[in-house]
Amino acid sequence: MVLSSFDKLSRMLTQEKRLGYKNKAVFGGLEKLASNWGNEALQEATTDEQRALINEITQDLARYSEVAEADRPHFIHRLLVKLHKAGGAPSVTREREAPVPPAAAPAKSPAPPSPAEPTQVEATPEVAPVVIEAQPEQVVPTPDPPPPSPRPPVSPRPSPPHAPRLPRESQPDLSNAGLDSSVTKLPGIKEAMAKKLANLGVRTIGDFLSLYPRRYDDYRTLKPINQLQFGEEVTIIAQVWETRQRDTRNGRSIVTTTLSDGTATIEVTWFNQPWLAQKLTPGLQLVISGKVDEYLGRLTFQSPDWEELDKNMIHTGRLVPVYPLTEGLTIKWLRNQIKATVDYWTRRLPDYLPEESRQRLGMLPLDEAIRQIHFPDDWGKLEAARRRLAFDELLLIQLGVLRQRRAWQAQQGRPVNIKAEAVEPMLQALPYQLTSAQRKALDEIVADLRRETPMSRLLQGDVGSGKTVVALAAMVLTVLDGGQAAILAPTEILAEQHFQGMSRLLASIGEALGRPFQIRLLTGSTPAAERKELLDGLANGQVDILVGTHAIIQGDVELKSLRLAVIDEQHRFGVEQRAALREKGFNPHMLVMTATPIPRTLALTLYGDLDLSIIDEMPPGRQIIETRWLTPRERERAYGFIQAQIEKGRQAFIICPLVEESEKTEAKSAVEEHKRLQSQIFPKLKLGLLHGRMKAEEKEKVMAAFRDREMHILVSTSVVEVGIDVPNATVILVEGANRFGLAQLHQFRGRVGRGEHQSYCLLLADNASAEAEQRLAVIERTSNGFELAEQDLQLRGPGEFFGTRQSGLPDLKLVKLSDTKLLELARQEAGLIFEKDPSLDSPQNRLLARQLANFWSPRSDLN
C-alpha cells in the first residue's frame, strides 16, 4: 500500500513518541525531514487551508531539535493535531493496533523510553524519507501491560436511541428545501424532535442558523497526560487502552476507560451511558476535552466531551459552542445538527448587506460571520462575527423605525386647537404642582398636538414620577377642542385605578374650568346593559374620556371623534392591539407610556419612530424605599418585620415567582405559600391570594379588599408588577428575587412607598448565581430607575431586558449595551441608505429589503 505523506509523517511522529522524544525517529532528526516532506505534502494538498497548515508543520519540524526535551510531548501533540486537520485521520488510527502502554503510574508520571531503538532511515535532501514500520526483528517491543484484574463479564449493550449521530460524509437531498422550510426536512429530525426544537424557537432551517451559542468552552489547550494539572480545562489526544462497565446497586451504569498517549495513562468515567462500553474499543484514538478532576489522589476526567480523532473536531480541541437546551435534547446532538446546517447552508446564503457598505464598514461577509459565531477559530474571529451580526440587528431595527416614522409623518392628522389661557387654570386645579420634568414633557406633547402631523411620542418615567397626570392634562386639552381621548391599560386593576384617580382630578379640573368631563370605564367585566349604554355614549360623543383594557379595541366599539390615544405600559401590548386602537379614529395623536426607563441611546435606536419625552425627576416628598437583600436563613427575621409593620396598622405584599409548585424548581409558589403562611406563620392575620390564572372579577375582588384594608397581607405572583396603588402598604417581600430582572424588581418595589409612611423592600434569594447576586447588590444600593436600566441592560442585554417579543420589536440576540459605537454606526448607515433609497427598490438593496420584511414580520407596526 502506498502511504500518503500525511500517513508517513504520522507514523514518524508516533515512533518519536515511543522513543521517548529523543529525536531519533529518523536519522539526522526530524528537522532533516522538513523540506522534503513539505514539498511532497504540498503536491497532495487540494485547498489553501491545507497548504497553510503544511507550511506551519514544515516550519515546526525544522525547529524540533531546538525544542527542550521536556516540552517535546506537547510539541508533538500539536503537530499531530495540525497534521490531522491538514490531511485527515491517517490509517494508523484506524488499524486499532494494540497501544504501547507507558509505565503504570499516577497521571503525572512520564513513561520510560523503550529499551531499544528501531531501525532508522536517513532522510537526505535528495531522497524523500521512508519509514520502515516497526517489525519484531527490528524493534525490541515494550513489555505487554499486566492483565487487568478479573471482572464480571460485560454483556453487550446497544447504543441508545436518544444518541443519534449524523453521518459524516452523507449529503442529504435538500434540493426542495429552503431556509424557511421546516426542520423536519433535515435528516434525523422527525415530528417528535421538531416539537422539542420548537421549545428553543427553532421551527425552520433558518432558525438553526440564528440559534446562537450562549457561551463557549475553550478546549484549545492541548496537553500530554503527564503535564495535566488538577482543575484546568484542557484537551488531550490519547488511545483507548481498556474500557469496562459496571452497574451500581441503585441501577446506575458507570463506564470507565483507560487512556494512554505515550506519556502516561489516565482514567475517564462516564455515568449512565452504557453504550460507550461497546463504542470505546481498545486502539481507538480519542480527543477528550474537559476539566481535570481528581479521585483517590489520581487525576481523572468525569464525563468529559469526547469524539474520535479526525480533522473536523466539533465537540473538542477548539472553542466549543454551548447552546441552550430543552428536555429531550443533548448538547452533542444539537451541536452536530447545527454544524451540518451551518456547513451546508452558509455556502448558499446571499449577503443582504450591500457590498459597498460592508467593505466600507469593515464587516465580515455574512456566511463567514454565521460560521464563526457558531464554530469560531479564535476569540478574535468570534468578536468579529458578533460585531457583524449585532450590527445587522441594529441596522434592521433602525431601517424599520425610519420607515415607520416616514409613513406616519406622511399621514394627515387633525391638529388640536389648544388655547393658552386654558392650560394654566387646568394645572392650578391639580392638588399638587407639576415638577419641572413633568411640565417640560407636557409642553412637548402640547406642541405635537397642535401640529397637523399625528403625534407619535414615547413618555417614559420612573415608577411614581407622575406620567399619568401629564397624559390626563393632554386628554383634557383635547376634549376642550371637541375631541375624545382614550387610554388603554394592560389590566383591569390598572384600568380601574386610572379611572378612579382621573375621576377625582377631573372633578377639580371641571370645577375650575366651568365644564364637566364625562369619563367612563370599559373592561371585560362591564355588564352588558351598562356596556350598551356606554357604547352609545361613545358613538354620539357624550363620553369625553374612555379608560379601559383590551375591551375598548373590540370591533363594536366606535368613537365619534377620537383625537388622542394613550397606551399605558406600551411594552405589554402587541402591535395588532396598538394598531386597532389607532383605527378607532382618523389618524389620532398617539402617546405611549412606560415605567421601564430605557437609556436614551438605546431608546433612540429602538424607538426611532417615536419622539421621546423623559420624566427623570420625582415629585417632592417622595420617600426613598429602603431595600434589603436577605438570605433564606433570614426569612424568619423578615416575617417578624412584616408582623411589626402590621401591628402599626400597615399592610404588606409577599411576591412569589410561581403560581403553583413545580417538581423542577425550588421556587416558591403563590398558592402553596399562601396556605403555609396563613396556617403556620400568620394564623391570626387575614391573607389574600392573587395570581394570573384567576378570573378578572376574582382579581378585582381581591384587590378591592386589599385596598380597603380587609386583608393584612397579599400573597401574589408578578401580576402586581405594574400600577397597583395601595398607599397603606409599606412592605413588599419578594421570594426568589434572584429569578427576576432588575427592571422587574424595581417595578415590585414601586408597589410600596405610595403613602406617607416609610416603606421597605425585602429581597429573598434562593441559590442565587453570581449574576443574580450582582443584580441584587445593584438594586439594594440604587433607587434611580434609569441607573438600574443601564445596569440591567449590561447584565442581561436588550433581548432579555425587553422580554421575548413583548415590546413589538424583533428579538435582539447579540446586541450589548456596551455597543454604543455600533449603535451610532447603525444609525448613521441606516440614514445613508434611507436617504439614497427610502423604498429600498434599487438592485443593490433588494436583498436588504427582503431581509427587513422578514426581520419585522409579523410582529411590528410596519405591516
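Guide: A residue is called buried when its relative accessible area is under 20%, exposed when over 50% and partly exposed in between, with a 1.4 Å probe and protein chains only. Helices (H or I, at least four residues) and strands (E, at least two) are DSSP runs numbered from the N terminus. The model is predicted, so that local features need pLDDT of at least 70 and side-chain atom pairs count only at pLDDT 80 or more, while totals for chains, interfaces and linings use all residues. Residues are numbered from 1 along each chain as its sequence is written, and side-chain values use heavy atoms, with hydrogens and water left out.

Visitor: What share of the residues of the protein chain count as buried?
Guide: The protein chain holds 26 helices and 21 strands. Of its 863 residues, the share that count as buried is 54%.

Visitor: Which residues of strand 11 are buried on each side?
Guide: In a regular strand the side chains alternate between the two faces of the sheet. Strand 11, residues 519–522, is covered on both faces, with I519 and L521 buried on one side and, on the other, R520 and L522.

Visitor: Which residue in strand 12 is the bridge partner of L522?
Guide: Strands pair if DSSP finds at least two bridges between them, and strand 11 is joined by 4 bridges to strand 12 (residues 545–548), the two running parallel. Within strand 12, the bridge partner of L522 is G548.

Visitor: Which strands stand at the edges of the open sheet of 6 strands?
Guide: The order in this open sheet is 16-21-20-17-19-18, with parallel pairing. Two strands have a single partner strand each, so one side of each is left without a neighbour in the sheet: these are strand 16 (626–630) and strand 18 (687–690).

Visitor: Which residue in strand 21 does L733 stand opposite?
Guide: Strand 20 (residues 729–734) pairs with strand 21 (residues 760–764) in the parallel sense, over 4 bridges. In strand 21, the residue opposite L733 is L762.

Visitor: At what angle to strand 20 does helix 19 run?
Guide: Axes are lines fitted to C-alpha atoms, for helices over the stretch in contact, and angles run from 0 to 180 degrees between N-to-C directions. Contact means heavy atoms within 4.5 Å. Helix 19 (residues 635–647) lies across several strands, among them strand 16 and strand 21, and its angle to strand 20 is about 165°.

Visitor: How far apart in space are L685 and H712, C-alpha to C-alpha?
Guide: L685 is found in the loop between helix 20 (670–681) and strand 18, and is buried, with a relative accessible area of 13%. Leaving out residues up to four places away in sequence, L685 touches Q643, I646, Q678, H712 and I713. Although L685 and H712 are 27 residues apart in sequence, their C-alpha separation in space is 6.3 Å.

Visitor: Is T269 buried or exposed?
Guide: T269 has its place in strand 4, residues 265–271. Apart from neighbours within four places in sequence, the residues in contact with T269 include I254, V255, F301 and P304. With a relative accessible area of 12%, T269 is buried.

Visitor: In which hand does helix 11 pass helix 25?
Guide: Helix 11 (residues 379–409) packs against helix 25 (residues 820–836) at an angle of about 50°, their axes being 8 Å apart. A crossing is left-handed if the near helix is turned anticlockwise from the far one by less than a right angle, and right-handed if clockwise. The crossing of helix 11 with helix 25 is right-handed.
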